[in-house]
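Biologist: I have a model open on my screen and would like to learn how to read it. Could you walk me through it?

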Amino acid sequence: MGVRCDPEAAGEVRIEASGRLAVEGSRLKVTLISPEFPFSGRVPVVPPILEYLGALTLREAPGAELQLVDANQRAVTPTEIEGDLVGLSVWTATAPWAYRFADACRAAGKRVVLGGIHASALPDEAARHADAVVVGEAESCWGEVLRDARAGRLAPRYDGVQLPLDGLPMPLDARLEGHYVFRAFFTMRGCPYSCTFCSVHSFFGKAIRYRPIDEVVAEIEARGGRIWFNGDDNIWGADPDRAVALFDALAAGKRRSWYGFGDLRSVQGEHGERMLRAARRSGLFSVWVGWESDSPEALRDYRASGKQGTDRIETVKRMQGHGLEVVLFAVLGGRGEDAGSFERTLELADRLRVGIHPVLLTPLPGTPIFEQYRPHLIPGLGWEAFTGVRAVFDHPSADLTPVRREAAYHELCRELYRPSMIARRLAAISWKGFPGTHLMSLMTQLPMRRAFGKARETWLAEHGPASSPTAVARSQP
Ligand code: B12
Ligand code: SF4
């Protein structure tokens with residue numbers, strides 16, 4: 001669940017008139033928490049924010065004592081928190097858990113800082129549960145937060161600015177205890193596309209900032225872990241020469257297995273083959289593609305056509321021909337979509353022999369679609385419903401009431417991740433990827449089957465067996 005770094009005892013603690021603790025001439029004790037996510041259970045990826053913000057903390061406050069907590073690995077209580085300063089990274093769906101935890105920590109006399117994509121989109125909301133909110137990226141202001149915390153004079157808000165990504169601290173090799181399979185690395189921030197349901201372009205900007213390749217490679221070489229998840233929004237970036245140089249540099253090191261997100265358009269261009277070959281040589285085994293929808297109207301509505309390029313199916317097949325596994329993200333249940341889209345998604349997975357990660361369209365705060373869908377949001381739902389597995393807005397079609405959309409979603413996930421479907425996908429992976437891609441594919445498909453299964457069980461517990469997804473999805477309105 002957690003580790004303590006640099007476990008020596010703290011120095012003297014002075015209690016201020018306000019009742020808040022100030023640490024003087026001592027080590028600052030900092031606890032960083034990755035909050036519990038509502039549906040997925042144990043996530044097999046080491047939380048990148050803990051290893052990274054932990055490293056930034058030790059760089060900015062070298063004597064600090066650090067506790068890292070992943071609340072997705074086991075239940076955690078506020079009494080276990082050792083830090084005087086508690087930092088939580090808030091996503092929309094984790095906001096209620098994070099706020100409750102923050103309130104409890106503050107009631108116990110600790111100071112709480114909230115940051116991350118949701119706290120940045122709604123800083124006034126976050127401020128009700130925190131001593132300070134960090135809006136935006138942490139690099140430009142986390143040092144100041146730590147110094148102010150140490151001096152007992154935290155400001156209510158710190159605004160991070162977007163800096164070049166040279167010289168980022170190397171994430172801690174913290175070896176958190178937990179059921180982890182993948183560790184994460186990042187080589188860039190920002191995305192030139194503007195999909196209306198996505199938080200990334202407004203948070204990190206539309207211009208891509210790249211990390212120096214030698215720093216990325218040195219980091220991967222230095223850290224433990226053999227299977228990696230690349231958290232870049234598009235592994236190809238916007239510069240084919242840079243992409244190939246990165247892949248070649250990775251291939252020249254201890255070749256690791258890795259997977260990541262990538263658009264289709266980038267590999268359709270004249271540099272496509274070159275990038276695909278170099279990526280495979282570097283250990284890439286799987287690409288997760290934002291397919292989003294089979295409907296051109298929906299793609300246009302979501303401003304997600306640009307990244308698709310021209311012949312999507314041909315491109316997927318070409319990638320598979322290189323021995324890569326392809327997994328498609330599909331966004332379902334939007335107000336412009338019909339009930340047949342669930343069935344068509346299953347048919348697509350079968351026809352292309354691809355894995356599909358379906359999500360129910362979720363308007364997240366800070367995105368254009370949030371404003372567009374605001375009048376249709378179901379009143380009374382908390383942020384914990386904004387997971388991608390819940391219907392959070394009304395739909396004009398009587399076939400797609402919230403319960404029908406959720407039922408159809410769970411039914412689709414169950415069908416997509418049946419053992420027979422997993423086996424057929426594995427059998428269809430090109431021999432060029434044998435055996436690595438097959439093995440790695442299994443290692444990503446099984447946790448997804450578990451996570452979708454857990455979401456379905458939770459749904460059934462709430463709605464009762466009489467309305468099992470199969471029954472509801474197949475019944476007529
Ligand atoms: C890694 C990742 C994952 C991993 C999570 C691994 C883990 N154990 O944490 C996996 C693949 C499992 C995942 C899954 C999901 N993810 Co995700 N994921 C990401 C991704 C690619 C990178 C996030 C990251 O770790 N970055 C690296 C860290 C070091 O940086 P950072 O988080 O950006 O933080 C910086 C600042 O925000 C700030 N900061 C952040 N937290 C804090 C805290 C404090 C105290 C301070 C001071 C500063 C601070 O400082 C950092 C440095 O500048 C982002 C996309 C993106 N580009 O951000 C999506 C993203 C975070 N995911 C998102 C979503 C929706 C999901 C899913 C719900 C999708 C789904 N329906 O299945 C799932 C569910 C997760 C679950 N727990 O079950 C959304 C969240 C949007 C939102 N408003 O909440 C994002 C932004 C993607 C998007 N396109 O919108 N995800
Ligand atoms: S969904 Fe992907 S391609 Fe679209 S804006 Fe977000 S990060 Fe960029």
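Modeller: Gladly! Let's start with a definition: a residue is called buried under 20% relative accessible area, exposed over 50%, and partly exposed in between. Keep in mind that this is a predicted model.

Biologist: Then let me try it on one residue. Is K454 buried, exposed or partly exposed?

Modeller: K454 has a relative accessible area of 36%, so it counts as partly exposed. You will find K454 in helix α16, which covers residues 436–463.

Biologist: How far is K454 from R424 in sequence and in space?

Modeller: The two are 30 residues apart in sequence, and their C-alpha atoms lie 23 Å apart.

Biologist: What about the whole chain: what percentage of its residues count as buried?

Modeller: The same cut-off of under 20% applies. Of the 477 residues, 57% are buried. The accessible surface of the chain is about 19,700 Å², with 56% of that belonging to carbon and sulfur atoms.

Biologist: How do I read the radius of gyration?

Modeller: You hold it against the value for a compact globule. For 477 residues that value would be near 23 Å, and the chain has 23 Å, so the two agree. Along the principal axes, the C-alpha atoms fill a box of roughly 65 × 55 × 35 Å.

Biologist: And how many helices and strands does the chain have?

Modeller: There are 17 helices and 17 strands. For contacts between residues at least 6 apart in sequence, 74% join residues at least 24 apart.

Biologist: Last one: where do the charges sit on average?

Modeller: The chain has 58 positive and 58 negative charges, and their mean positions are 4 Å apart.

Conventions. Residues numbered from 1 in each chain as written. Chains lettered and ligands numbered in written order. Predicted model: local features only at pLDDT ≥ 70, side-chain atom pairs only at ≥ 80, totals over all residues. Heavy atoms only, no water. Helix = DSSP H or I, 4+ residues; strand = E, 2+ residues; numbered from the N terminus. Rg over C-alpha atoms; globule rule 2.2 N^0.38 Å. Buried < 20%, exposed > 50% of the residue type's maximum accessible area, 1.4 Å probe, protein only. Contact = heavy atoms within 4.5 Å. Areas by Shrake-Rupley, 256 points an atom, 1.4 Å probe, with all protein chains shown as cover. Lys, Arg positive; Asp, Glu negative; His and termini not counted. Charge placed at Lys NZ, Arg CZ, Asp CG, Glu CD.
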